[in-house]
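Trainee: I have a new model open. Please show me how to read its features.

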Amino acid sequence: MPIWKRNLLVCWFGMFVTSVGMSQIAPVLPLYIKHLGIDNSASIAQLSGLAFGVTYIISALFSPLWGLAADRVGRKPMLLRASLGMAVVICSMGLAQNVYELVGLRLLQGIITGYSTACTTLIATQTEKEHAGWALGTLSTASIAGGLLGPIIGGGIEESLGLQNVFFLTGALLLIVFLTTMFFVKESFTRQGKEMLQMRDIWQRIPDKSLTVVLSVTYFIITLALYSIEPVVTIYVTQLTTDMTHVALLAGMAFSASGLASIIAAPRLGKLSDKIGAQKVMLIALVVAGVIFLPQAFVQNPWQLMGLRFLLGLAVAGLNPSVNVLIKKITPSALTGRVFGFTISAGYLGVFGGSVLGGQVAAWWGIRYIFFITSALLLLNAVWVYATMFRKLNRQEEAISQNERSEGITACNRSNRGD
């Protein structure tokens, strides 16, 4: 097996587990905070929101820094640091004595993350151009699936094994990630450039700044759209069914359906982007995702919601790998980690922003308006992508193809003349 494929397998497992570690706490947070001695329902709600959101906000701030470190000392050391650090911190959450220790540990978790940044950079820089879309598409399924399946995994562990074992089991899995990374990930790292670049210097060295901004904003919109329903999915499912016996399970299935679909579709759409161009796949996926959000506002039962969320996952699966492929394409290899750090920060902000947006829109106008607003954001993003990026990249590809054809004709003529 080529080294990049073996690294891809290990990184996929590691990104999946770290994403689960970030998100699995969502359904058990209120219960755990109550277990730690908080009885007032309003205080539980406030502290749950703080404990869940602080990790993503801090991660968004630190991801570019870990991207810089990955470019300077190598990607494998960052993988080992993040996996071992998260294993220790998440296990410690199960030993927390009060809610303030829990919030502090969630904050520390946000600081030491960076596994996804290092993984994405490693695979992007190691993989040949003709396989980049497939590899990054496959890798993106780990982060999406871990983030979306995490809540149902956490809820299942809590129901069968108890609250504290959610943290102990997740920490044990992260320790396995650390060991597999140590023994099976191979990297031949050569540091490019010894100077310590400031943020302004990095920005000046990015060849196409406008495309970098478009891709980062698109990544933010993607994650915001996926997580906008998370705060109210249980309430929405309650409105759609008269059987209250398995509401939590149905809500978890509805939220996680898009993650399952992404696992199935992302490698295929990544391979398709290698053939027809990542910008084409991204534009089509944005439009389709925007359209699929609309009927979710009019479903009559939880199964219809699950079906539409599954279709949404098939569409969204084409977005993350396309963004990653385009970032690799337009970014110098010496800056790849830092630029991926920026986009992953945008994703973390999207998780937090989506959760806040969904809760506020549901409180002010009703749950169905979440789908209308999210659909509008995706479709507006598609228009922006078409106007600023799609035509520009297509012209560049056509120019490259014409040059290659001209060079081929010239070489053929020389061969015929016997030159």
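Trainee: At what angle do the axes of α1 and α8 cross?

Mentor: Axes are lines fitted to C-alpha atoms, for helices over the stretch in contact, and angles run from 0 to 180 degrees between N-to-C directions. In this predicted model, the axes of α1 and helix α8 (residues 163-184) cross at roughly 160° and come within 10 Å. Angles under 35 degrees count as roughly parallel, over 145 as roughly antiparallel, 65 to 115 as roughly perpendicular and the rest as oblique. α1 is therefore roughly antiparallel to α8.

Trainee: What does the label "helix" rest on, and how are residues numbered?

Mentor: Helices (H or I, at least four residues) are DSSP runs, numbered from the N terminus. Residues are numbered from 1 along each chain as its sequence is written. Local features need pLDDT of at least 70, side-chain atom pairs count only at pLDDT 80 or more, totals for chains, interfaces and linings use all residues, and side-chain values use heavy atoms, without hydrogens and water.

Trainee: Which hand does the crossing of α1 and α8 have?

Mentor: A crossing is left-handed if the near helix is turned anticlockwise from the far one by less than a right angle, and right-handed if clockwise. α1 passes α8 in a left-handed crossing. The crossing of α4 and α6 is left-handed, and α10 passes α15 in a left-handed crossing.

Trainee: At what angle do α4 and α6 pack?

Mentor: About 155°, with the axes of α4 and α6 8 Å apart. α4 and α6 are therefore roughly antiparallel.

Trainee: How many cavities are there?

Mentor: On a 1 Å grid over the protein atoms alone, a cavity is a set of points where a 1.4 Å probe fits but cannot get out; lining residues have an atom within 4 Å of a point. Grid points are joined across faces, edges and corners, and a volume is the space filled by probe spheres set on the points. The count is one cavity of 30 Å³ or more. The largest cavity has a volume of about 420 Å³.

Trainee: Which residues lie nearest its centre?

Mentor: S19, S116, S143, Y219 and Y348, out of 30 lining residues. α7 gives the largest share of the lining, seven residues. The lining has 15 nonpolar residues, 15 polar and no charged. Here Ala, Val, Leu, Ile, Met, Phe, Trp, Tyr, Cys and Pro count as nonpolar, Asp, Glu, Lys and Arg as charged, and the others, Gly among them, as polar.

Trainee: What is the mean pLDDT of the chain?

Mentor: pLDDT is the predictor's confidence in each residue, from 0 to 100. The chain's mean is 79.

How values were computed. 1 Å grid on protein atoms, 1.4 Å probe; cavity = no way out; pocket = protein on both sides within 12 Å on 5 of 7 lines; lining within 4 Å. Helix = DSSP H or I, 4+ residues; strand = E, 2+ residues; numbered from the N terminus.
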